[in-house]
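Here are my notes for your read-through. Please keep the structure open while you work down the points.

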Amino acid sequence: MTTFANALASAAVVVTVAAVVVLWRRRLRSILVALSIQGVALAALATLLGAHEHDGGLLAVALLVLLVKALLIPGLLARVIAATPGARETDPLVNVPASLVIAGLLTLVAFVAARPIVALVGGPTGRLVPLGLATVLIGFFVMVARRRALSQIAGLLLVDNGIALVAFLVTSGVPVIVELGSSLDVLFGVVVLRLLLARLTAAGVRDLDQLRSLHD
Amino acid sequence: MIALALLVVLGGLATLAGLAPRPYRVQLVASLLVLVEILAAALSVHVLASDHALLGHESGLLPFSGVRVDLSPLGALFTLSTAVVALAATIHWLGYRRHAMSSASASSAFALFVTTLLLVPAAGDIVTFLVLWEVMALTSLVLVAHDHAQRDEARQAAWWYGAMTQGGAALITLGLVVLGAHAKNPGFSAIAASAHHLPGAARGAIFLALVAGFAAKAGLVPAHVWLPRAHAEAPAPASALLSGAMVNLGIYGIVLTRTLLGVGPAWWWLVAGFFGVISALYGSLYAATSTDLKRLLAYSTSDNMGLVVIGLSASGLFSAAHHPIASSLALVATLFLLTAHALYKSTLFLGAGSVQYATHERNLDQLGGLARTMPVTTVTVVIGGLAVAALPPLNGFSAEWLLVQSLVHGLTGADPVTTVATAIFVAALALTGGLTIVAFVKAIGVGFFGRARSEPAQHAREVPVSMRLAPAITAGACVIFGVAPGLALRAVERASAVVTANRSGLGASISGFHLGALRGAVDPLALALGAVVATVLVAGLRRGLGLKGGAKVRRFEPWGSGRIVTSARMQYTATSFAEPLQRVFDDVLAPQHDLDVSHAIESRYYVERVAYASANDDVVERRLYRPVLALATWWGMRARGIANGSVHRYLAYGFVVLVIAVVVVS
Amino acid sequence: MNLASLLTGATQLALVVLGGPLLLGLMRTVRSRLEGRDGPPVSQPWRDIAKLAHKQRTRPNESSWIFPAAPLVLVATAATVAVLAPLATLTPPLSASTDFIAVIFVLLVGSVSLALAALDTGTAFGGMGASRALTIGALVEPALLVAVLALSLPLHSTNLIAIVAEGSAHASVLVGPSHLLALGSFVVVILAESGRLPVDNPSTHLELTMIYEALILEYSGPDLALVTLGESMRLAIWFGLFVNLVAPWGIATHAGALAILLGVLAVALKVALAGVAVALFEVTTAKLRLFRLPELLAGGFILALLGVVTGAVMR
């Protein structure tokens, strides 16, 4: 039991730490690595839950998560980076130390705010919900505080992964069909954004703030 | 009671003695004051030793209620630490009078200030408390304004201080009067017995009013703006008392609020803790970047009071979360920190006063090299500075260790809000600690070590005996209570038991603490002994080895990047020392830079003159108070048009008001 | 405090004094091998110390008492911690009051006295080194203390011996996510505290980039020998504490001679491994700009904070 709880907690912690790393590191490649690791951790968590509850569907979801979130999406984004000249580092609106301190505060907020859910679900899964909530909040913050389009996508993915984490923990497993739907949605979104990004790059736009000049 | 009456009489005599003719005035006042201080110390030691409050009631002395005395062990702890600080300040004054503060008004004000400082914790009802509080505020205002004729800064300091302290006093009066009216009795014990009948919202409002009023006295951000001005401008013995005794009474007020109102809900202490964290971080950050020695010390006071309020809030939170042991432990730590602060901060202010006496200089960028010319003062300041920085084996370390322990034991994880607050407290404590070390290494290293940066510092002479003795007393106490914190523990624990009604279970041997049922202990005496023995052994080893290379130490000119002769101007100044930190916290401090480069006419690539100015003024003052003051001024100017002196217009105003009143009433 | 515990303390002190410079030498050798150089032998720091110890003592013209005193304090504080800390054994003297925070602050006394001495030299470099070292020290502090808080959660105690003993008794503590996060933050803290890359380049001699080297620029002769010894002892202590928090295997749990011998061997091996790992890391990384350091240190702080939150969540 304790080993299971420990392993489960470690996987959840890796998901949150990966979100922090997205804020922490400036190199876009490192951010992709963090996202990929987050996908792996999420898959590991689903596997653990599936194995613990003897739920084949959950194992299938784990495989799906692994393929889409750990391999496919980071792979697609890596090609975006390779195709975009001169965009190796993020461009923070809020400087990195301040972002990290804010991320810490968001984690604490999540810890307090998740009280009712923790009380409702309980057990080794329920008490990890704050970590999922923290991932969601950090993801939103990444979208607010980073300028590059790729960072925006990364933020969106963090939010999605955070929601997935909460969903796994709260319902002890999402039906395959729901997870399939949401994963494909996100994948679809990434593909569209990637195409859009390619067009923007072709038009010479690198920061989303530059889009502001469109309305003049 | 007789001792207390004697104390009042002696204090009054000392105040009158301020009118004595000049050659003997200060000696006369000071010797009477020494008697007062010794008497107060003996009285409070008696209360602490017997663990019984000193009670008394004398009707007819003051209107409404008479005078009620209630010197509990809690109050006695405050009186005792004030007495020690005041003793040192009085002795320092004997020498300092040749520099400043020898006039009749200053002498009388000083005597009355000391007496009221000693008596405030003994007040047992609202009227007595408020009268003493006001006399304390007014006499300290006289001392802050002491240099007003010579220095514009002193006048400004007095304005700020007067405004803040009167605003605070108004809030305190309001809160206490409401409580007294509800209890139908001005006595503190009667109020404490009846306050829980008040509705929750009213209690909360009274708590906020009282804590805000007392926080203004304790110098918490954002009510701290008077502190760096007043502490810097007051003469040294007075600033030692302001920082070592008077701000403590602000904290006494917050503790008193808790005894009057009870612990209350958790949100009270979350609010208080928030301001504690802000004050601690803000104060330490400004201390680390200040270059004026006394301003630095004042900001550090603000930071320490922030830590104290963090401790109080932790105690309240743990109590609200039903964790009584951690709660009492936090309160013991808080009171220990408070007494430690009184000792080391008065050492530092007296030391700074000695420096000012010897060099007429407070700016660190103009000091340096005092370790050779003023050895005794330097040693006391080093002890005080290392104590503020919470380094073992000095008393600041024991206090901070206890505070961290209470937080560690209070973090049970049972209640997320308490857990989050505790984690933030620990982080704030840690960053504050680090910044304080920067501040005081800067103050000591730049101000006292290295080479003299100016003529006055070069030719500084050691101060008279009394001015060397005074900080040595408090510095000695810092060492004693640092090495053997157990000596003070029982007194502090009795004081805290007045509030929490249960003991922390903290045990002590002479040399250290152990946390009773909780797991944890520290032994500063053993650490100090070990380190001293090791130092002596290594020194012997170095001497033995050095014999081969020649026992004589060769002096050389330090490395100046190839220049043959180095000069004192090549040293790092206090400003440059703090520069990296200032850049890291650029967004918070928002310093104002002004770079003016004029180029040669012939070519843009040759610079003719570079002028650089940077000002690091208080950002709260600039962003919060200045706009408010500007608004008030604007409003005042507009109001002039309303009152232009025409009688008809005034009658018209009266008429309009009358009409409105009639309409409203009907 | 009995004779046996005193003897174990003395053993630990001897280990740290002898092993500290060797650790420094090992890390230098590994680095130079990886960079394709032969490099000095592992014993080079000891040879340097021996050579310096026989030179004449020197001091800057206008320095005061703190300058010659600081190396003594540096070595003495490191020696005190070496006796008390759980490095080779869980039964050093005064084990009931070997507190984590006390250990940190005793080591801090050494850093502060060295910084004061640097300012006492009256040169630009001394001030530069002191200013930078202390700025980093101040920013490290939150990560360090919050990490200690996270480590103290399982036992509600900051007693260092108890924390290490708990890990050695229950391996599940060691793999707990809270413990791992705290140790992650500890890595950052140790790199900063001991002046390794990417915080400070210990092998630089370019005046404007150095931190620690600038701090001790004016020391030479026996004083420099002491400073080198003290610094290497501190390095060994930090590494020793870290490896025992990660993997306290082999540490002596009672005061038997054989157990302590095993403990000494185990901690020496683990610290050597840690040294090689850090050297490997240093070869592959570049020094961060001074004003990028807050990013690294804030990261360490967040890891520790997550550790506290996870620990509280898991309870």
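1. Start with helix 8 of chain B, residues 200–218. Helix 8 of chain B has 19 residues and reaches 26 Å from its first C-alpha to its last. That is close to the 27 Å expected at 1.5 Å a residue; the expected span is 1.5 Å times one less than the number of residues. Helices are DSSP runs (H or I, at least four residues), strands are runs of E of at least two, and both are numbered from the N terminus.

2. A word on the model and its labels. This is a predicted model: local features need pLDDT of at least 70, side-chain atom pairs count only at pLDDT 80 or more, and totals for chains, interfaces and linings use all residues. Residues are numbered from 1 along each chain as its sequence is written, while chains are lettered from A and ligands numbered from 1 in the order in which they are written.

3. Which residues of helix 8 of chain B are buried? Among them are R203(B), I206(B), F207(B), L210(B) and K217(B). Buried means 20 or more other C-beta atoms within 10 Å of the residue's own, with C-beta atoms placed from the backbone. The cover includes helix 6 (152–183), helix 10 (236–261), helix 11 (266–289) and helix 12 (293–320) of chain B. After helix 8 of chain B comes G219(B), with a positive phi near 80°.

4. Now look at helix 13 (residues 324–359) and helix 20 (residues 486–500) of chain B. They pack at an angle of about 125°, with axes 9 Å apart. That makes helix 13 of chain B oblique to helix 20 of chain B. Axes are lines fitted to C-alpha atoms over the stretch in contact, and angles run from 0 to 180 degrees between N-to-C directions.

5. Who meets whom there? On helix 13 of chain B the residues include L331(B), L335(B) and F336(B); on helix 20 of chain B they include V492(B), E493(B) and V499(B). Contact means C-beta atoms, placed from the backbone, within 7 Å. By class, this contact has eight nonpolar, five polar and one charged residues. Ala, Val, Leu, Ile, Met, Phe, Trp, Tyr, Cys and Pro count as nonpolar, Asp, Glu, Lys and Arg as charged, and the others, Gly among them, as polar.

6. Between the chains, five residues of chain A contact five of chain B. Helix 4 (residues 96–113) of chain A gives the largest share of chain A's side, four residues.

7. Chain A has nine helices and zero strands. Of its 216 residues, 46% count as buried.

Technical notes: Angles under 35 degrees count as roughly parallel, over 145 as roughly antiparallel, 65 to 115 as roughly perpendicular and the rest as oblique. Two residues are in contact if their C-beta atoms, placed from the backbone, lie within 7 Å. A residue is buried if 20 or more other C-beta atoms lie within 10 Å of its own, exposed if 12 or fewer, and partly exposed in between; C-beta atoms are placed from the backbone.
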